[in-house]
Amino acid sequence: MKHSDVHARLSDGRLSPSGLPAGTALPYLTAYSILVKVTGVPLFVFDSAGAAFAARYPKNNLPAEAEAYFKGDVAAYNSWRNLILDAQMLAARGPVDCDAWDGLRRVARICRGRAFANRLYHVSSRVPEDVLPWDVDRELAIKIDAALADQNRSSFRQGLGAMDALQGEAFARDKGILPPAAIGRLPKFTDHAVSFPLPPALAKFWQTASSPDRNALSFVWRMARMAGVFSAWDNPAPEVFFAGGRGETLAGLDPRGFGLHRPSQNTYGIYLRRLSRRFTQMGGAGLPEGGSQAEQRWAELKDLARLDPALSPARVWSLAAISKPAVKDGLAPADLEPQWFKARIKELAGPKRRAFLSACYVLNDLIATHNGKRHQLPPAGTGVQRQRGRLRRS
């Protein structure tokens with residue numbers, strides 16, 4: 001549609017003032033008067049249908065022929081440009097912008113106002129450069145969302161909500177510029193299984209697994225998907241999950257590298273080792289062996305301690321005062337006897353002795369709490385007890 005035709009529709013009321021963002025035709029007619037002054041030719045001569053006008057007068061970039069009129073005032077130039085493009089879009093009912101995201105924001109501003117349209121910047125600025133509005137789907141949105149945190153994540157979701165809201169606007173739908181389907185409400189950050197659904201073979205394991213195993217599998221699968229270890233079309237059985245070098249790759253990942261700060265790196269390690277044990281028990285491959293048997297058993301015990309809500313991270317960390325000398329002696333937790341603790345205490349003094357005793361108290365708490373897992377703990381206890389603020393050794 002020629003701009004002279006748009007001007008005619010504004011003049012005779014075929015473009016109803018109530019349907020214009022400004023609520024009156026006067027600003028748009030004025031903008032066309034300025035266009036005649038800028039170009040120096042009548043409107044019927046000026047033929048810039050489609051996106052030709054937007055290309056000739058780019059956003060934020062005053063062309064030479066407009067410089068003389070606007071005298072470097074880019075804001076005034078952009079306002080003038082938008083008035084003409086808005087009128088053109090409303091009259092032609094087709095795309096008028098060179099950039100599809102600009103076109104979507106124009107539609108959003110016409111439908112819902114400037115503040116609403118500005119939310120879409122939080123989507124367009126975060127999708128890959130070659131992704132257009134109609135290319136955004138739920139899987140891409142979840143992937144981008146997972147890499148964001150705090151305010152960035154909140155604003156991105158607001159932008160997606162604005163895109164979904166435009167699905168209810170006939171004017172927006174008619175432009176063919178929206179995704180074919182609404183993105184929908186994104187899952188909570190902790191809903192890993194919702195973000196990245198488990199394939200059938202792993203879902204079968206998940207259905208009969210304990211709650212800790214379910215948490216481990218949901219998060220590890222999310223990490224595996226985000227890192228490209230598996231794709232959405234893979235369906236690995238538990239027995240081969242860690243096979244083919246995948247165990248080494250997964251063990252080398254850091255959740256923070258994918259924008260995930262909860263669960264922590266420590267918890268991720270616990271989840272990996274938990275799954276490794278389960279899948280090994282099923283006759284499959286586990287994580288690559290690292291360190292001695294004693295080191296592995298101490299790592300498992302510390303995993304158990306980290307999952308105990310009664311123990312702070314500092315108390316779990318204090319177990320190193322026992323694990324280091326025990327590993328040096330080639331002893332796993334289940335190999336320790338009260339005599340070993342007694343001998344160590346005699347050798348120590350000052351802060352090292354106090355640190356060792358604190359670690360003994362942590363072991364005592366674990367023994368009392370996890371009686372059903374005594375095979376992971378000193379079978380006869382530590383022999384170290386608190387009594388009236390003084391040490392008593394049996």
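The dialogue below goes through a predicted model of one chain and asks how some descriptions of it are reached.

Student: How do you know how much confidence the predictor has in this chain?

Tutor: The mean pLDDT of the chain is 86, and 93% of its residues reach 70 or more, on a scale that runs from 0 to 100. Confidence is highest in helix α8 (residues 121-124), at a mean of 95, and lowest in strand β2 (residues 390-393), at 45. Over residues 388-394 the pLDDT is below 50, although this stretch has 15 contacts in the model beyond near neighbours in sequence.

Student: What makes the chain more spread out than a compact globule?

Tutor: The chain, which has 21 helices and 2 strands, has a radius of gyration of 33 Å, whereas the globule rule gives 21 Å for 394 residues; the value is well over the rule, and therefore the chain counts as more spread out than a compact globule. Along its principal axes, the C-alpha trace spans about 105 × 45 × 35 Å.

Student: Why is Thr39 called buried?

Tutor: Buried means under 20% relative accessible area, and Thr39 has 17%, so the word applies. Thr39 belongs to helix α2 (residues 26-39), and, leaving aside residues up to four places away in sequence, it touches Phe46, Arg56 and Tyr57.

Student: What makes the pair formed by Thr39 and Val41 a polar contact?

Tutor: A polar atom of the Thr39 side chain lies 3.4 Å from the backbone nitrogen of Val41, and the cut-off for such a pair is 3.5 Å, so the distance falls within it.

Student: How do you know that the length of helix α10 agrees with what its residues should span?

Tutor: Helix α10 (residues 150-166) has 17 residues, which at 1.5 Å a residue should span 24 Å, and its end C-alpha atoms are 25 Å apart, so the two values agree. Among the buried residues of α10 are Phe156, Leu160 and Met163, and the buried residues of this helix pack against α6 (100-112), α7 (114-118), α8, α9 (138-146) and α11 (170-174).

Student: Which residues touch the most other members of the largest nonpolar core?

Tutor: That core has 83 residues, and those touching the most other members are Leu10, Leu35, Tyr57, Trp80, Phe241 and Leu250. Phe241, for its part, touches residues including Leu202, Trp221, Phe230, Leu250 and Phe279, not counting residues up to four places away in sequence. A second, separate core of 25 residues includes Leu336, Trp340, Ala359 and Cys360. In soluble globular proteins, nonpolar side chains tend to be buried together.

Key. Residues numbered from 1 in each chain as written. Predicted model: local features only at pLDDT ≥ 70, side-chain atom pairs only at ≥ 80, totals over all residues. Heavy atoms only, no water. Helix = DSSP H or I, 4+ residues; strand = E, 2+ residues; numbered from the N terminus. Contact = heavy atoms within 4.5 Å. Core = buried A, V, L, I, M, F, W, Y, C linked by side-chain atoms within 4.5 Å. Buried < 20%, exposed > 50% of the residue type's maximum accessible area, 1.4 Å probe, protein only. Expected span 1.5 Å × (residues − 1). Polar contact = N/O pair within 3.5 Å; in protein donor to acceptor, adjacent residues only side chain to side chain. Rg over C-alpha atoms; globule rule 2.2 N^0.38 Å.
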